Amino acid sequence: MEKKLTCIVCPLGCELVVTEKNGVVSVSGNTCPKGEAYAKNELTNPMRTVTSTVLCEDGGLVSVKTDTTIPKEKMQECMQIINSITAKLPISVGDIIIKDVFGSNIVATQNRSK
Amino acid sequence: MYDIAIIGAGVIGGLIARALSKYDLKICILEKENDVAMGATKANSAIVHAGFDAKEGSLKAQLNVKGSKMMPEVCRELGVHYKNNGSLVIGFDDEDRATINTLLQRGIKNQVEGLKILEKDELKALEPNISDSVSCALYAPTGAIVCPYDLTIAAIGNAMDNGAELKCNFEVTGIKRDDNDYEIFSRNDSIKAKYVINCAGLYSDEIAKMVGDNSFNVHARRGEYILLDKEAGNLVSHTIFRTPSKMGKGILVTPTVHGNLLLGPTSVDIDDKENKSTTQGGFEDIIENAKQNVVAVPIGKTITSFCGLRAVGSTGDFIINSPKQNFINVAGIESPGLSASPAIAEYVVNLLKENGLELKENSTYNPCRESAHAFCDATIEEKNKMIKNNPAYGRIVCRCEGITEGEILAAIHRNPKARDLDGIKRRTRAQMGRCQGGFCGPYITEILSRELCVPFDEITKFGGESKINLCQTKGGKSQ
Amino acid sequence: MKDLVIIGGGPAGMSAAIAAYESGVRDILILERDAGLGGILQQCIHNGFGLHKFGEELTGPEYAWKYEKRVKELGIEHKLNTMVLDVTPDKVVTATNSEDGIFQIKAKAIILAMGCRERSKGALNIAGTRPAGIYSAGTAQKFVNTKGFLPGKNVVILGSGDIGLIMARRMTLEGAKVHAVCELMPYSGGLARNIEQCLNDFDIPLLLQHTVVEIHGKERLEGVTIAKVDANKKPICETMKYIPCDTLLLSVGLIPENELSKGANVDISSITNGAIVDQNRQTSCDGIFACGNVLHVHDLVDFVSGEAEIAGKAAADYINGRQKDKTNIVINADGKIRYTVPQKITEQKDVKVYFRVNDIYKNAKILVRDGDKVVLSKRKPRLAPGEMEYVTITAEQLKNAKTLDFCLEVQ
């Protein structure tokens, strides 16, 4: 089996070719080891970072992200969780807004004062 | 009960309202859209014609020349930008020269002042960017430019300051005559008035039919335009017309009072009075024709294109009459309607007098309105004083045109009050620059929402269903 | 009087300020039109920033915060909600805000860092009506990410610039349906990774060589007609197709905002729409520097920061009389290489020359020639207009050079 992918690890966007032969997966086209790891993961369990915003108690927004990647198919569910809560102020960059969402934390990427 | 109901808040309705607000009358202006100046007034060539075009003896000729003479004073009182830049009708061959001579003779008969034929050399000295193949031109020093919606907004604002009322979103669906009064209906409202003035533009024939006057029809003539960046505004200083031919008046190239360059209009008669679509053919037509008249038109500097519908009457002349007692038509006001508008207003006041309207002076009447451009036109010292009094004048919202929050607040709170994004645009020029509201649109939406106490997602571009945002993303509202 | 005035407090302005400070300038003022520092990064809440600069993937606000924190630590003066109205060639800056009114500052050096704006719908002359529901992608981004409102639920995107791709994903995540992304060119203007993670992840079709030919709808947008285009970019009638939608987003290019630069008589390149600069990012106007997207549109903020550091350090050298002008080497770009930045070199030192190509090329060779002499030759497996490239030319290679001709050899 052969599959073509565009690597999303960095802006280079390498065109990867993943080949599976007798249970051995090999990757070509990558320029770094991260690309190889991405390609292998992409076949079995694709992972993504989700970025969004969370409503704050004053009606404003704070931008957030998952601090690690989460399974790709959980993105919409993750959005529902993000959209269901209201965050207390003040907020600093890096503050955990929601704990343990599909193995990741939702953290603030912006400062918001009261 | 109103003394006067004016149907249509375009430049004609606006200037009539203002002329009548000099008198002690209860006036109501009815407008079907969310704002004033939304019909033919919004999108036309913005020219104050000298008056050599219309056939001698016609109402068009008479009111054009008179209106064009009145315009500087009206604009001064209303604080509207007016520029007497002069106009040129350029010709390329002998046939054009003959037509230009006819226009000159007609202009003299219409009592247009200062008309002169210029030969190529004089012409090129006056306008270096005019096409090299030009042979002569008719020069009209009284030709001018004005912003039609600026004029309308100011006229209606002034009429309102003097007591007139404005009802927007009042689309007239029927008119009933009982005893001596008229009752005018919209879908969910009605008003009564002693006199009705029909300035409904494209729909003036339909309004006339409501009182049983079937004497004329109005159809739409599509005119497409291309507006160029201010960087192209100096390409020509005069309004450049092509010699009219069997093919029509042709495409004009003109600076605007705001310093942009305007190209257009196309001229296509259509059946649909709502069809303001621009077309690919229209763009190509404008570009090709403009390039014949003026060299090096920088089309790459286009900031927007739009289409206006001119209200063309079936009689060939302006239709200003009183078909029924106390009901006045002001219809078929196509070009030179803007130029004639102050004179039309005066003419209508006289017509009302003939219909028995008693005119008593309004003792508190003030002909002047503070210019919408007061801040913009002020000196740095004056601006600093204004910023000190009102810090909102220190916050620039529209970076392309340099429009401040103070000016936007004034547009929302002064008569006639802006209710939507396009209303702010026409009053202040915010969103009218090269980014076309890309940066300031969200800020203006926020200011409108705050000042009008309307939810953010209910703010519209121009009323009705023209919402800017459809729902909130967070907090579970209307998802 | 100020030593250094920086116009714009986005990534370019902040980096330049920090670099100038670190090169010894203390009397610095940043003028920023928005209510906070960070510029457009504040609404770019997606990740993908900072890999080059910090070796980690940051979101826009996080990237901005790293610089904002530093600006504040160093105590660099900055005025917010302050709009610059005018810059003169003799370096007088006129600006306005609510507290100071309209004020003037004379500067020893100025760094232009105003960024860019999106090409608007007006410039495209799309036929049809003018309803609500047509936005540039960045405007939609502002509504969604900073105001919390969704400008539309059924979306078509014209242009496949990065902001358009990012917004396709963002609007999908917030509940909208993106029906298609139409791209006039046979290739996307955005990064390959964004096509993968913003379109393919959500099964959003990318229609290459397609455009929007007509807009429909009276009050709110009701639909668009799209069509495939031929080799001359003319729509093919038979391929016209109506797509019902309430929103059209435009991601059709960015234009450096150089109105102030033009006022200062800075020479502007007709290709980049930004100033013509030397290796120090000094413009044709002595002591006026430019960096970031006002100079040329970058695809990565990391490169913006790098460029701004060069400008900041050079402005410091200029202020302190350390600038050395020796040579005057003009850089020419052939047709396949659309432009280079810088466009000239005035000092014999190692210089990174950034460039963009005008089409997609595979296995091409970049050649830099000084007359007949090949100064540098570098093979690139893949070049695309959407991706900025650079080569480093060493001081040694610049020795005795008069002009440098950048060309692309394609097999």
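Two bridges join strand S23 of chain B to strand S12 (residues 149-150) of chain C, and the two strands run antiparallel. Within this pairing, B:Gln472 has C:Phe149 of S12(C) as its bridge partner. The model is predicted.

**Chain B against chain C**

- The contact between these chains draws 45 residues from chain B and 41 residues from chain C.
- On the chain B side, at least two residues each come from helix H7 (280-293), strand S18 (302-313), helix H10 (380-389), helix H13 (441-452) and strand S23 (471-472).
- Sorted by class, the side of chain B that touches chain C holds 14 nonpolar, 20 polar and eleven charged residues.
- S23(B), one of the elements supplying this side, is also the strand joined by two bridges to S12(C).

**Chain A against chain C**

- Here 22 residues of chain A are in contact with 21 residues of chain C.
- Strand S5 (51-56), strand S6 (61-66) and helix H2 (75-84) of chain A are the elements that give two or more residues to the side facing chain C.
- S5(A) provides the largest share of that side, with four residues.
- By class, the side of chain A that touches chain C has nine nonpolar, ten polar and three charged residues.

**Domains of chain A**

- The domain assignment divides chain A into domain 1 (2-44) and domain 2 (51-108).
- Taken over C-alpha atoms, the centres of domain 1 of chain A and domain 2 of chain A are separated by 29 Å.

**Domains of chain C**

- Chain C is assigned domain 1 (1-118 + 253-323), domain 2 (120-252) and domain 3 (326-411).
- A distance of 26 Å lies between the C-alpha centres of domain 1 of chain C and domain 3 of chain C.
- Twelve residues from domain 1 of chain C and 13 residues from domain 3 of chain C make up the contact between them.
- The side of domain 1 of chain C that touches domain 3 of chain C consists of five nonpolar, five polar and two charged residues.

**A four-stranded sheet in chain C**

- An open sheet of four strands in chain C has the order S10-S16-S17-S18, with mixed pairing.
- Strands S10 (127-128) and S18 (241-244) of chain C stand at the edges with a single partner strand each, so one side of each has no neighbour in the sheet.
- S10(C) runs parallel to strand S16 (residues 210-216) of chain C, and two bridges join them.
- In this pairing, C:Gly128 stands opposite C:Ile215 of S16(C).

**A helix pair in chain B**

- Helix H1 (residues 11-20) and helix H8 (residues 337-354) of chain B have axes that come within 8 Å and cross at roughly 40 degrees.
- That angle makes H1(B) oblique to H8(B).
- The crossing of H1(B) and H8(B) is right-handed.
- From H1(B), the residues that meet H8(B) are B:Val11, B:Ile12, B:Leu15, B:Ile16, B:Arg18, B:Ala19 and B:Leu20.
- The residues they meet in H8(B) include B:Gly337, B:Leu338, B:Ser341, B:Pro342, B:Ile344 and B:Ala345, and B:Glu346, B:Val348 and B:Val349 are also among them.
- The contact of H1(B) with H8(B) comprises twelve nonpolar, two polar and two charged residues.

Definitions and conventions: Residues are numbered from 1 along each chain as its sequence is written. Chains are lettered from A and ligands numbered from 1 in the order in which they are written. This is a predicted model: local features need pLDDT of at least 70, side-chain atom pairs count only at pLDDT 80 or more; totals for chains, interfaces and linings use all residues. Domain bounds come from an automatic or database domain assignment. Two strands pair if DSSP finds at least two bridges between them. Two residues are in contact if their C-beta atoms, placed from the backbone, lie within 7 Å. Ala, Val, Leu, Ile, Met, Phe, Trp, Tyr, Cys and Pro count as nonpolar, Asp, Glu, Lys and Arg as charged, and the others, Gly among them, as polar. Axes are lines fitted to C-alpha atoms, for helices over the stretch in contact, and angles run from 0 to 180 degrees between N-to-C directions. Angles under 35 degrees count as roughly parallel, over 145 as roughly antiparallel, 65 to 115 as roughly perpendicular and the rest as oblique. A crossing is left-handed if the near helix is turned anticlockwise from the far one by less than a right angle, and right-handed if clockwise.
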